[in-house]
Amino acid sequence: MSRYRFPDGFIWGAATSAYQIEGSPLADGAGPSIWQRFAHTPGMMANGDHGDTACDHYRRYKEDVQLMRALGLHSYRFSVAWARVLPEGTGRVNQKGLDFYSRLVDELLQHGIQPNVTLFHWDLPAALDDRGGWLNRDSAHWFADYASVVFKALDGRVQRWSTINEPWVVTDGGYLHGVLAPGHRSKYEAPIAAHNLMRASGAGIQAYRAVGRHEIGVVFNIEPKYPASQRPDDEAAAQRAHAYMNEQFADPALLGSYPPALKDIFGDAWPDFPADDFQLTRQPVDFVGINYYTRSVVKHDEQGYPCRASRVRQHHATHTETGWEVYEQGLADTLMWFKHRYGDLPLYVTENGAAFYDPPVAEGEVVEDPLRVAYLRKHLRTLHQCIEDGINLKGYYAWSLLDNLEWSLGFAKRFGLYHVDYASLTRTPKASAKFYAKVIETNGTALA
Ligand code: BGC
């Protein structure tokens, strides 16, 4: 019965982000973000979707805290929209924007749920994009100043913070391939944006040490890369893809350097960064958050951009609606690799989940989502094994509490434990919510 029992004090949570769920992006004096602009640029979003209403969490947050209670969550991970707090990105504070997060934090605490706050989950104030966004070296200080405002307002009530969520996605989607805001396509810009994001994370951590009393870390999406064959060119391709997606961000933060493969990948677009910068990027963290969804198996491919590698689809495997292979062993390999390369830091899985087809919703009935239940079960069993194998894992956050705006893929890709009807905004539990509630209640033993 107790085979899958997690350690006492293990934190069970669920995660969301501001632009994906809140709606009312310009309410109460907020400034526009780059996602507000991107989503209202014709052709950028599937189905013309945008975050004007999303899940209407900005107005329904109390109802959503009740959903968290029904799950029995210990902690809720959400992000703060920078442009609500500082409409121009720097300078003037918009108290009403800050008040929203203050009310949310109070509501969570009243219900015994620990807030876990991410300062940047992709929605840069548009006013800062007009000043070059992440290409401007000042962005590190803009971020630290913004973060300080939020720390001062909430650190008395918030125990755990993260600086930046998934810098790889910001730079690969936003600056290299143009499929996410701000929609740039430049091999010359991507490494600069990446570097400034890691400088910003470091500056945010430094700022926290001056005013904060709890814990701060950074969140990476790690996707392990496996060579499609034992041929040396496939193995080299997998190593490049790994350096590009995983080490490009974790190395400057935790080792204070970049892997040499990046120069090979970017060629003349790889800048000589000032050596001093690495003192800023490498700030001591209290934990690292890892978002894990899938792996990739890669082969050498001269046309593969930018790593001269391309993904080989695993036909025997289950794939999610976003085309991602379900591969729970990749989560164990990721955590082991992380520990081996960066040392025995406290770790959280800050996101893990899957978009699957959900059947039509009948009022009053639970939405059956067996594939999502199976996904969660497999990954949580794997995590239990990781802890037995010595990984210093403190908690787990399912992505996501609610169906929400899957960025440029729109509302069609549903990751939620709760189904959201976007016309009526009704929330309906899925079987995965019931399952997860049981896992939490039994501290894992229900995984048997
Ligand atoms: C992001 C989320 C996103 C999820 C599923 C992560 O990349 O942090 O915002 O919705 O994965 O794609």
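Two strands count as paired if DSSP finds at least two bridges between them. Keep that in hand for these exercises on a predicted model.

**Exercise 1.** Work out which strands pair with strand 10, and in what direction they run.

*Solution.* Start with strand 7 (residues 287–291): four bridges tie it to strand 10, and the two run parallel. Since the cut-off is at least two bridges, that's a pair. For a landmark, look for I290 opposite V349 of strand 10. Next, take strand 11: three bridges link it to strand 10, again parallel. Here Y348 sits opposite G395 of strand 11. Finally, check the cover: five of the five residues of strand 10 are buried.

**Exercise 2.** Find the handedness of the β-α-β unit made by strand 10, helix 14 and strand 11.

*Solution.* Point the strands away from you and follow the path from the first strand over the helix to the second; clockwise means right-handed. Strand 10, helix 14 and strand 11 come out right-handed.

**Exercise 3.** Check whether the length of helix 14 (residues 370–388) agrees with 1.5 Å a residue, then say what covers its buried residues.

*Solution.* First, the 19 residues should span 27 Å, and the end C-alpha atoms are 27 Å apart, so the length agrees. Second, pick out the buried residues, among them Y375, L376, H379 and L380. Third, look at their cover: it includes strand 1 (11–15), helix 13 (329–342), strand 10 (347–351), strand 11 (393–399) and helix 15 (431–441). Last, step past the helix to G390, where phi is positive, near 100°.

How values were computed: Residues numbered from 1 in each chain as written. Predicted model: local features only at pLDDT ≥ 70, side-chain atom pairs only at ≥ 80, totals over all residues. Heavy atoms only, no water. Expected span 1.5 Å × (residues − 1). Buried < 20%, exposed > 50% of the residue type's maximum accessible area, 1.4 Å probe, protein only. Contact = heavy atoms within 4.5 Å.
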